[in-house]
Amino acid sequence: MTISADHTAQHPAPEAQTPGAAAPGPAPEDAASEAVRKFGITVEDYMLPARHQIQMVGPDGTLTPHTEQGAQPGHEYSLPGDDELLAAYEQLVVGRRVNDQNSALVRQGRMAVYPSSHGQEACQVAAALCLSEGDWMFPTYRDSVAVMARGVDPVQTMTLFRGDWHGGYDPSRHKVGIQCTPLTTQLLHGVGVAHAAKLRGEDTVVLAMCGDGATSEGDFHEALNFAAVFHLPVVFFVQNNQYAISVPLAHQSVAPSLAHKAVGYGMAGERVDGNDIVALLAVLGRAVRLAREGSGPLLVEAHTYRMQAHTNADDATRYRQDSEVAEWVAKDPLSRMKTYMTDRGLLDDDRAAGIAEKAEAVATQLREGLSEEVPVEPQDLFKYVFSTPTPQLKEQSAMLADELARDATSKSEVAK
Amino acid sequence: MSPTLTTSSEANGNVSAATARAAATAAAKAEQTGPQTITLAKALNTAMADAMHADPSVLVFGEDVGMLGGVFRITDGLTKTFGKSRCFDTPLAESGIVGMAVGMAMNGMRPVIEMQFDAFAYPAFEQIVSHVAKMHNRTKGTVKLPMVIRVPYAGGIGGVEHHCDSSEAYYAHTAGLKVFTPATVADGYRMLREAIDSDDPVMFMEPKKLYWSKDQVDLDALRAEHAENTERGTSSEGRAAVARPGTDATLIAYGPSVPTALAAAAAAAEEGRSLEVIDVRSLVPFDDETICASVRKTGRAVVIAEAHGFASVASEIVARVQERCFHHLAAPIRRVTGFDVPYPAPKLEHYYLPGVDRILDAVDDLQWED
Ligand SMILES: Cc1ncc(C[n+]2csc(CCOP(=O)(O)OP(=O)(O)O)c2C)c(N)n1
Ligand SMILES: [Mg+2]
């Protein structure tokens, strides 16, 4: 293992001057001056988000004129390639189908709970597509579609929500953290994964995800500050869907935007139309690239909307107007992309039918996978608490086994 | 086995010149081979240094652990020896320290992190309870978190508030955490090496009042013991130790209370009473076997702990022993613990701490006349 990086802050640590201290490492990287060199702009212009959110395709599906895309010097974005757009569109359709299917399964009582990302599919898909194979994603409970778009088996992804176990996939194999409920705690795990990779000289980038409400949590602050101070390749991706359960963003923060929070940590922030997958791919793609090149962490805020209730257990009519929801129907990420792709000649009826078929196959997989009654194994309760069970756990496991054995005997006696 | 207590009155939880001097002297002595007198602080420091030598994935970080060597000097010299990539200071953010360690442990490292004081680990409670303790279980063992959270804990050093909490029960109560607490210099080395080797997370509770206690230990012999254990796949993990053999009653203690229990046993011996002292060492996993064997032999027991008694580790020990040894007991098991009050100010801590007299009073109460 090579440990090469000097991961202290941009500023030389005081110990560097102290006699007898560890030899100072190579000149510490400096995100700010790097950006100034790269883009020919000031540090402030690099770190502050562009004056307006980045948007490339508007709600009507037409290309936003270049002058109105929101980009400014140092924040210019180019259109992703056709293949990338097609792959993204396909995932969008699959993602919407997954959301609808899962909501139906909850209604049918086949899943305990589902926090839907309906309306946020562009964010979900872009989050997965911007990463390379060796990169890591740290998702929240709402990011099931992103997890699947990253390649995790749909049924395994839903294990958590079906209630069989707290997680159904191997995070190390997929490089996807287990979907996290304690708000923003996962951001720090992302920071740790990036830190470990950096110490080993690997070029891993971590995408750490959270919602708008979560930005008020203490771990949000600690994670951004750690990533900045240790100069780590982490892209923090905030899906601002306007609500934290019932609480609107205005009660959460009065910052000019959530992306503006970045500058306080010494990192760059950007905001993007979260229902425009073209812009999302461009903005997240650039952020991942910059992080990989050593520009340190970045914060991307996507403006989107939670079209449905927080989960099936929530009643959104208690805190918001239908008219507000209707406004966002017009900004739907799928319909605008369909129009754009069709107009560009990238999508015809055949292709659309093929994509719909793929989405249907995933839905079928979910329906079949989740209607299968997988027997739970009571002894699993004790198996994974530690690598080796303690004597106390062995005792308790024996007690349960005995209870079950006696249960079985009395049942068979009743049957006789 | 019994360490000499040399707790300095200057050492009030802040860094004192005396501590630094003690550490420096200990460092010089550590170069010798064979049996030597060292502090618990030095034993812990040596355990980390040896683990870092043995495995490049072992990292140490926390607040002031770098150049300063920690406010208690337990990480002294690690940055100098291993460089700033292996032992480094973090921003002041305990949740951040623990959360980042979780991610590092997920990604191939073995972080050994320091919480500066017991009460300053509370900001990290969510990370510890919701992630450190649960990751292995929720991922069905596919993600292991080989990490050690070192916590200087408990009082007896005249520390101001928030510097003397006995917080072990919070962690022992949380399923998925191992909780170790050494009471001797040799165990400082032995148990910290085992904690670092553990594939499961360990809360390593260091009795801060014993940091400067000294004992004769042979570090090379401890290293050889560790190497041998590693080779054989054995360890002392999860085992209690008989710190002093006896026949009339059992004193069950851990961490900072072990020397107090030993002092009580010595005083009782002068009065003709033979007390066995058990050093629990590992709160999780818990060694029912050793402890119950002792109580079955003596028929009487007193549990001693600095923490508040209510809903405590001491309560758990009493419950376990009576469940298993009821018919061997000649008297109800007694507890000598801290009162159920917030840890007192320095001038009052003496009234709070379980001392020799209070232990002997409890022993006297064990229905000897029946
Ligand atoms: C530490 C913590 N506090 C409270 C909750 C309960 N809770 C779950 S989701 C949620 C709202 C989060 O809103 P936001 O971050 O905007 O994400 P969204 O649900 O909108 O995707 C709350 C309060 C929690 N999961 N974790
Ligand atoms: Mg929200």
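**The interface between the chains**

How much area do chain A and chain B bury between them, and what percentage of it is on carbon and sulfur atoms? Chain A and chain B bury about 4,300 Å² between them, and 63% of that area is on carbon and sulfur atoms; buried area here is the accessible area, found with a 1.4 Å probe, that two parts lose on being put together, summed over both. This is a predicted model, in which local features need pLDDT of at least 70 and side-chain atom pairs count only at pLDDT 80 or more, while totals for chains, interfaces and linings use all residues. Residues are numbered from 1 along each chain as its sequence is written, chains are lettered from A and ligands numbered from 1 in the order in which they are written, and side-chain values use heavy atoms, with hydrogens and water left out.

In terms of residues, 52 residues of chain A are in contact with 54 residues of chain B, where contact means heavy atoms within 4.5 Å.

**Salt bridges**

A salt bridge is a side-chain nitrogen of Lys or Arg within 4 Å of a carboxyl oxygen of Asp or Glu. By this rule two salt bridges are found across the interface of chain A and chain B. The side chains of B:Arg324 and A:Glu395 form a salt bridge, with a distance of 2.8 Å from N to O.

Over all chains, the structure holds 36 salt bridges. One of them joins the side chains of A:Arg292 and A:Asp135, at 2.8 Å from N to O. A:Arg292 lies in helix H10 (residues 277-293) of chain A and A:Asp135 in the loop between helix H4 (121-129) and strand E1 (136-138) of chain A, so the pair ties together parts that are 157 residues apart in sequence. Helices (H or I, at least four residues) and strands (E, at least two) are DSSP runs, numbered from the N terminus.

**Helix packing in chain A**

Two packed helices are described by the angle between their axes and the distance between the axes. The axes are lines fitted to C-alpha atoms, for helices over the stretch in contact, and the angles run from 0 to 180 degrees between N-to-C directions. Helix H3 (residues 82-107) of chain A packs with H10(A) at an angle of about 120°, with their axes 11 Å apart, which makes H3(A) oblique to H10(A). Angles under 35 degrees count as roughly parallel, over 145 as roughly antiparallel, 65 to 115 as roughly perpendicular and the rest as oblique. The contact is made by A:Glu84, A:Leu85, A:Ala88 and A:Leu92 of H3(A) with A:Ile277, A:Val278 and A:Leu281 of H10(A).

H3(A) also packs with H4(A), at an angle of about 125° and with axes 9 Å apart, and this makes H3(A) oblique to H4(A). Among the residues that make this contact are A:Ala88 and A:Leu92 of H3(A) and A:Val125 and A:Leu129 of H4(A).

**Helix packing in chain B**

In chain B, helix H2 (residues 40-54) and helix H8 (residues 185-197) pack at an angle of about 30°, with their axes 8 Å apart, which makes H2(B) roughly parallel to H8(B). The residues in contact include B:Leu44, B:Ala47 and B:Ala51 of H2(B) and B:Tyr189 and B:Leu192 of H8(B).

**Backbone details in two loops**

A cis peptide bond joins B:Val284 and B:Pro285, with omega about -5°, and B:Pro285 lies in the loop between strand E12 (282-284) and helix H11 (288-298) of chain B. In chain A, phi of A:Thr184 is near 65°, a positive value in a residue other than glycine; A:Thr184 is placed in the loop between helix H7 (171-174) and helix H8 (185-199) of chain A.
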